[in-house]
Amino acid sequence: MKYVITNCSMYNGQAESDLESAVNIYFVDGTISEITKEAKIQEGYTVIDGTSKYVIPGLINTHAHLFGTGKPSKSLGGGNSQKLLIGYIKTKLGQRTLHGMVRKSVRAALFSGCTTVRGVGDFFYSDIRIRDEVNAGTQIGPRLLVSGFAITTHDGHGAGTFAITGDTPQELQDQVMEVYRHHPDLIKICVTGGVMDAKVKGEPGIVRMNEQQTIAVCDKVHELGLRVASHTESQEGVKIALAGGVDTIEHGSELTDQMVADYKKRNVAFNCTLSPALPLCRLSPELTLLNDMAVFNSKVVFDNIVEGTKKALANGVLVGMGTDASCPFAMQYNMWRELCYFHSYIGTDNKQTIHIATEQNAKVLGIADQTGTLEIGKSADMLILDKNPLEDLKVLRNVSTVICQGKVYAHPVIKKNEKIEKILDTLLE
Ligand SMILES: [Zn+2]
């Protein structure tokens, strides 16, 4: 298939580039083949008129789970309703329901402008199954990098839900092999606890994997040629994750100067996720369904992420951003909100924010040779917008056309939860 987007305004995703006008972008069989400024359009291409339109690279969501919608629910918080839910999805009917959910999630992500999504922990390899279906062309979705089940210790984050567990280094390595058997793109571990499973006020990032356990997992995964992403929400946890050899630290914490040096020396990326933390600590508990402790802990996590991200960026640590979709208020179609939050709370300008969500996120995932910028030879992953996102990031809310690996989706329609959208709009500046 041969296409050309004619006469558009293009931002190619690179930090040093600016918006260019009157650009023609040619792509053939899913790859960008030419970018020109000539008035004459070559023959033999299907023309997409880009006059008065804006084109940027497709967004990359570096941190998502595919099983949920993002609608707040008691069953995410543990207890009996969670047990019932897990019991149900183990059944045949439950598996079908789960697959239906995952299918809707990847479609919503794609149609809202994400041309790449990294899944970091899902149930029963449903993420791997949908990835294979998308790659085979039997389902619609973005480029997917997925981890299958996460791995942690018996009382770790996600244990018994989206994570399988082991305690000795050998047991943990066996679990790596168990996940590897299903052909994941990466391995996800949980070095610390999270907001929902914290038992103590102020301690959402309690350490659940020690250095020895973390080293055992990372060594094994690297031997297999894959990368490790670690859920890590405290300074103590970050120290262990860095010493243990993980490749990306998810959520993160405030950073000491030594940590900054270690991130850079070990080439580890800091992956910021504001989409769940911000609503959970800013909205009223009647809306979030959280108890006092969870509200308090969300605030700890939010402040940690903001301070850590700012320091990482200021000191040249590789920083990415993702939504943690499936968490309460982190909807599958709201990557654009993560950009808005990042701009407001981390303080990057609009262009830098888009650069991080595209080129830099591709670097965080190790796929910058394939996607993340609009350049000849890269995958045709791009968004066509009616208004200029460099002037206002909120225009990303409505993408006019999504192009993913050369497939063109014009005027994609997403079913949104309008009630939650209204609530989340109160958090926009
Ligand atoms: Zn997550």
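L283 sits in the loop between α8 (277-282) and α9 (285-288); helices here are DSSP runs of H or I with at least four residues, strands are runs of E with at least two, and both are numbered from the N terminus. This is a predicted model, in which local features need pLDDT of at least 70 and side-chain atom pairs count only at pLDDT 80 or more, while totals for chains, interfaces and linings use all residues. Residues are numbered from 1 along each chain as its sequence is written, and side-chain values use heavy atoms, with hydrogens and water left out.

**More on L283**

- L283 has 10% relative accessibility, which puts it among the buried residues (buried is under 20% relative accessible area, exposed is over 50%, and partly exposed is in between, with a 1.4 Å probe and protein chains only).
- Leaving aside residues up to four places away in sequence, L283 touches T288, F329, I423, T426 and L427 (contact means heavy atoms within 4.5 Å).
- For a sense of distance, the C-alpha atoms of L283 and E359 are separated by 32 Å, and these two residues are 76 apart along the chain.

**The zinc site**

- The zinc ion gets its protein donors from H63 (NE2), H65 (NE2) and D324 (OD), at 2.1 to 2.2 Å (donors are N, O and S atoms within 2.8 Å of the metal, or 3.2 Å for Na, K and Ca; water is not among the atoms, so sites may look incomplete).
- Along the chain, the donors follow the spacing H-x1-H-x258-D.
- H63 belongs to strand β6 (residues 59-64) and D324 to the loop between β15 (319-321) and α11 (335-346), so this pair ties together parts that are 261 residues apart in sequence.
- H63 is buried, at a relative accessible area of 0%, and D324 is buried too, at 7%.

**Helix α2**

- Helix α2 covers residues 92-111, 20 residues in total, and it reaches 29 Å from its first C-alpha to its last, close to the 28 Å expected at 1.5 Å a residue (the expected span is 1.5 Å times one less than the number of residues).
- Its buried residues are G94, L98, H99, G100, V102, S105, V106, A108, A109, L110 and F111.
- Take S105, which is found in α2: its relative accessible area is 4%, so it counts as buried.
- S105 touches L66, G68 and Q332, again not counting residues up to four places away in sequence.
- Just past the end of α2, G113 takes a positive phi of about 110 degrees.

**Helix α5**

- Helix α5 runs over residues 211-223, with 13 residues, and it reaches 18 Å from first C-alpha to last, close to the 18 Å expected at 1.5 Å a residue.
- Buried along α5 are Q213, T214, A216, V217, C218, K220 and V221.
- What's covering those buried residues? The cover includes the helices α4 (169-180) and α6 (235-244), along with the strands β11 (187-190) and β12 (228-232).

**A294 in helix α10**

- A294 is found in helix α10, which spans residues 292-314.
- Is A294 buried or exposed? A294 is buried, with 8% relative accessible area.
- A294 and K201 are 93 residues apart along the chain, and their C-alpha atoms are separated by 7.8 Å.
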